[in-house]
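Welcome! Please take a moment with the sequence and the 3D view before reading on.

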Amino acid sequence: MRVNSRNSDLIAKLRRENSDDTFGNPYIQKAKQLTGLLYTLEEIGESFPNIFQDNSLPIILEIGCYKGANVVELGQYNPNVNILGIEVRYKRVVKSCEKITKRQLTNCKIAIGEANELLGLIPGESITGAFVFFPDPWLKEKLRKNRLLNENFLKRLQSRLKPGGFLWFKTDDKEYFEDSLVLAREVGYEAPAPWPRELVEREYKSRFQELFISQGKPTYQAVMRK
Ligand SMILES: C[S@@+](CC[C@H](N)C(=O)[O-])C[C@H]1O[C@@H](n2cnc3c(N)ncnc32)[C@H](O)[C@@H]1O
């Protein structure tokens with residue numbers, strides 16, 4: 001099923017109305033309470049980029065951050081950057097926030113909502129980079145239109161990136177990888193480009209990357225620069 005921002009809308013409504021009508025779902029209840037760490041799209045629209053303790057640092061988005069393992073590793077070992085993880089599911093955003101709280105990281109936040117919609121709400125040239133690691137590949141031909149990396153997404157992201165900003169893409173789907181590089185070049189990115197060592201001191205393997213490696217499956221990655 002295509003992802004959407006309905007979960008973000010529900011959390012925003014519960015917070016606005018200070019309601020506990022959480023359908024008996026403990027993750028909805030927790031997500032509602034995580035104000036100041038978990039942002040709804042409404043709150044992102046109102047406050048971004050001023051959501052971190054030090055708002056002078058470059059901002060990197062991690063789109064589809066799952067349960068936040070990569071967000072906290074990045075945040076912990078790269079205190080020179082702010083990381084905003086984006087995810088649509090209640091349990092995954094709550095798990096991400098719990099990891100941030102446990103490590104007391106002030107440079108990591110989470111947003112609940114669909115990534116394309118979030119990009120539409122933030123100012124132009126406000127971010128330095130974005131990670132998209134192992135997005136759903138939509139393998140069937142007629143479902144390819146649902147791929148996250150399509151022309152609209154690449155153009156919108158490009159306009160939100162500062163000059164020289166990057167998109168770091170990883171996938172297990174060779175065709176998705178090759179199609180995305182071609183599309184990125186058509187849209188005007190340098191692709192592939194050198195990875196941003198000046199911002200991220202080393203590569204971190206995402207959970208899905210580790211899973212594919214443990215299964216002996218090949219993975220593909222490239223950095224694309226504005
Ligand atoms: C296949 S998992 C990969 C997770 C992680 N990036 C990794 O590499 O381990 C894709 C994740 O992206 C999320 N996701 C998919 N489409 C999204 C979108 N348009 N906006 C935000 N999150 C999305 C899914 O809920 C899921 O958690």
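Here is a short tour of the chain, from the overall fold to single residues.

The structure is a predicted model, in which local features need pLDDT of at least 70, side-chain atom pairs count only at pLDDT 80 or more, and totals for chains, interfaces and linings use all residues. Residue numbers start from 1 along each chain, following the sequence as written. The chain holds 9 helices and 8 strands; helices (H or I, at least four residues) and strands (E, at least two) are DSSP runs, numbered from the N terminus.

**Overall shape**

- The C-alpha trace spans about 45 × 40 × 35 Å along its principal axes.
- A compact globule of 226 residues would have a radius of gyration near 17 Å, and the chain agrees with its 17 Å. This radius is taken over C-alpha atoms, and the globule rule is 2.2 Å times the number of residues to the power 0.38.
- Of the 226 residues, 39% count as buried. Buried means that 20 or more other C-beta atoms lie within 10 Å of the residue's own, exposed means 12 or fewer, and partly exposed is in between, with C-beta atoms placed from the backbone.
- If you take the contacts between residues at least 6 apart in sequence, 78% of them join residues at least 24 apart. Two residues are in contact if their C-beta atoms, placed from the backbone, lie within 7 Å.

**The ligand shell**

- Around the ligand there are 20 residues, and those that come nearest are Gly-64, Ala-115, Phe-133, Ser-206 and Phe-208. To be near, a residue must have its C-beta atom, placed from the backbone, within 6 Å of the molecule.
- By class, this shell has 11 nonpolar, 3 polar and 6 charged residues. Here Ala, Val, Leu, Ile, Met, Phe, Trp, Tyr, Cys and Pro count as nonpolar, Asp, Glu, Lys and Arg as charged, and the others, Gly among them, as polar.
- Both β3 (82–87) and α9 (207–214) supply at least two residues of the shell. With 3 residues, α9 gives the most.

- In soluble globular proteins, nonpolar side chains tend to be buried together.
- The largest nonpolar core has 55 residues, and Ala-31, Ala-130 and Val-132 have the most contacts inside it. Such a core is a set of buried Ala, Val, Leu, Ile, Met, Phe, Trp, Tyr and Cys residues joined through C-beta atoms within 7 Å.
- Setting aside neighbours within four places in sequence, Ala-31 is in contact with Ile-11, Leu-38, Tyr-90, Val-93, Val-94 and Ile-112.
- Which residues of helix α1 (residues 6–16) are buried? They are Asn-7, Ser-8, Leu-10 and Ile-11. Seen down the axis of α1, these buried residues fall within an arc of 160°, so they line one face of the helix; the arc is that of the directions from the helix axis to the C-beta atoms.
- Arg-6 and Arg-16 are exposed on the other side of α1.
- The packing partners of the buried α1 residues are α2 (26–33), β1 (38–40), α3 (41–47), α5 (90–102) and β4 (108–112).

**Backbone details**

- The peptide bond from Phe-48 to Pro-49 is cis, with omega near 10°, and Pro-49 lies in the loop between α3 and β2 (59–63).
- Another cis peptide bond runs from Ala-191 to Pro-192, with omega near 0°; Pro-192 belongs to strand β7.
- Asn-18, which follows α1, has a positive phi near 45°.
- Glu-125 is not a glycine, yet its phi is positive, about 50°. Glu-125 sits in the loop between α6 (115–121) and β5 (127–133).
- Trp-138 also has a positive phi, near 45°, and is found in the loop between β5 and α7. Trp-138 is partly exposed, because 16 other C-beta atoms lie within 10 Å.

- Pro-196 is in the loop between β7 (190–193) and α9. Not counting residues up to four places away in sequence, Pro-196 touches Gly-129, Phe-166 and Val-223.
- Lys-155 lies in helix α7 (residues 151–160) and counts as partly exposed, with 13 C-beta neighbours inside 10 Å. Lys-155 and Val-187 are 32 residues apart along the chain, and their C-alpha atoms are separated by 6.6 Å.
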